[in-house]
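Values and cut-offs are given with each topic.

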Amino acid sequence: MYRFAPSPTGDMHIGNLRVALFNYICSLQDKSGFILRIEDTDNARNIDGKDKEIFDILTKFGVKWDRLYYQSKNLKFHQEFAAKLLSEKKAFLCFCDEKSLEAKKEAAKAAGEAYRYDGACEHLSDDEVLHNPHPAAVRLKIKNEPQSFYDAIKGEVKFEPQNIDSFVLLRADKTPTYNFACAIDDMLEGVTFVIRGEDHVSNTPKQNLIREALGYTGKIGYAHLPIILNKEGKKMSKRENSSSVKWLLEKGYMPEAIANYLILLGNKTPCEIFSLNDAIKWFDIKNISKSPARFDEDKLAQINREHIKMASDERLKELGFNKPSLARFYTQESSLIPEIKAKIDQIYTHKNIDGEWSDNANLIKDAILNLDIPNSFDEFKNAIIQKTNLKGKALFMPLRLLLTKSEHGPELKELYDLIKDDIKEIVL
């Protein structure tokens, strides 16, 4: 069982989408099932409607979930399991307030040391706990042992005891921390493999320790994806436009092309251009590079162009192209859907040619309107020459303006076959 667990706190990042695609592909390969879990426990950061936006984006990319959960609905289970750990002395109440903890963190920072919880409340007597008037968080008791897990991409990952302290499970307001909620939910939902970003590597031993303390014996495999870098080779920021899936879609990239590129990124694939269904046949998480991958929008544009060319007429019409053949034709000039639409719209818009080419354009227009449109461009050209006596630039520049409303563009001979049936409408 695989899962994708986004938070409804902002636009979906391409790293999140990559995680979703990889989990979904693997779930289809072993037919184990795919869960969508909305991690909405951070009320202060949740944004209304972002969950629906997540659904919409995943649907656009062909990702289908078997089950949908909102993490907040599991709050009672998070609290019950925390109480179980307290009753079994595997967790303890911590009365340290934020001010004192912050002071200890600052002292560690000043000393050039990593902060670790000092166990101040771990050994309080029952009486001290019972009569303490302050609100208490719940912390997990940690054994002084190294922790390790196997990562399908990174191999064996180890943590020394000093790198994991007695971390918080429930805050003083009785809401779960990320690690506690995530560990419980993965356990309850029967998740067997987790693919996520490498920023979660340090969370993995903590989540394993939580489930171990609860007596859970199910095994969960892991793969942590390297970060995505921008074109300067730095970690891609959420503030960069191209990091937002919504922005990429609005700019005119097809979902098929974005998926293709994200699966290709840092991966060994048998070919460069493929569909999601193609990837299901050969995708292997072990082929993902351990090194960060660099996002290249120029490469994405090239892939987008190829997907427009290979798309069916029905798919291109879904994308707003009433003339699919022209959409494919104009990939020689543009890679983005709005740019291609603009070029096609110019062909079918009213032409008002003025300036130096005005008189010649009117001659050519009259000739075309009184012509039986031939099958070949050469016949078409020769017929216009006979009627207007125009040749060379004097013919081709106003003719191009009449047909495309642009002084530059593709070969008219290649374009002619695609527009000859509409050519009288076009020159008006």
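Cys96 is buried, at 18% relative accessibility, where buried stands for under 20% relative accessible area, exposed for over 50% and partly exposed for what lies in between (1.4 Å probe, protein chains only). The model is predicted: local features need pLDDT of at least 70 and side-chain atom pairs count only at pLDDT 80 or more, while totals for chains, interfaces and linings use all residues. Residues are numbered from 1 along each chain as its sequence is written, and side-chain values use heavy atoms, with hydrogens and water left out.

**Cysteines**

- Cys121 is buried as well, at 8% relative accessibility.
- The closest cysteine sulfur to that of Cys96 belongs to Cys121, and at 3.6 Å it is too far for a bond.
- Over the whole structure the search returns 0 disulfides, a disulfide being a pair of cysteine sulfur atoms within 2.5 Å.

**Salt bridges**

- Side chains of opposite charge can pair when their charged atoms come close.
- The whole structure holds 26 salt bridges, counted where a side-chain nitrogen of Lys or Arg is within 4 Å of a carboxyl oxygen of Asp or Glu.
- Arg37 pairs with Asp186, with 2.8 Å between the closest N and O atoms.
- Arg37 and Asp186 are both buried.
- A network of salt bridges links Arg3, Arg37, Glu39, Asp185, Asp186 and Glu189.
- Asp118 and Lys104 form a salt bridge at 2.9 Å, N to O.
- Lys104 sits in helix H4 (98–110) and Asp118 in the loop between H4 and helix H5 (126–130), so the pair ties together parts 14 residues apart in sequence.
- Asp118 is partly exposed, with a relative accessible area of 47%, and Lys104 is partly exposed at 29%.
- Glu318 and Arg315 also form a salt bridge, at 2.9 Å from N to O.
- Glu318 and Arg315 are 3 residues apart in helix H12 (residues 313–318), which means a separation of about one helical turn.
- Glu318 is exposed at 59% relative accessibility, whereas Arg315 is buried at 19%.

**Helix packing**

- Two packed helices are described by the angle between their axes and the distance between the axes.
- Helix H3 (residues 75–87) packs on H6 at about 100°, with the axes 10 Å apart; axes are lines fitted to C-alpha atoms, for helices over the stretch in contact, and angles run from 0 to 180 degrees between N-to-C directions.
- H3 and H6 are therefore roughly perpendicular, the word used for 65 to 115 degrees, with under 35 roughly parallel, over 145 roughly antiparallel and the rest oblique.
- From H3, Phe77, His78, Phe81, Ala82 and Leu85 contact Phe180, Ala181, Ile184, Asp185, Met187 and Leu188 of H6, contact meaning heavy atoms within 4.5 Å.
- The contact of H3 with H6 divides into 9 nonpolar, 1 polar and 1 charged residues; Ala, Val, Leu, Ile, Met, Phe, Trp, Tyr, Cys and Pro count as nonpolar, Asp, Glu, Lys and Arg as charged, and the others, Gly among them, as polar.
- The axes of helix H15 (residues 358–369) and helix H17 (residues 392–404) come within 9 Å and cross at roughly 70°, so H15 and H17 are roughly perpendicular to each other.
- Asn360, Ala361, Ile364, Lys365 and Ile368 of H15 meet Ala394, Leu395, Pro398, Leu399 and Leu402 of H17.
- The contact of H15 with H17 comprises 8 nonpolar, 1 polar and 1 charged residues.

Methods
Helix = DSSP H or I, 4+ residues; strand = E, 2+ residues; numbered from the N terminus.
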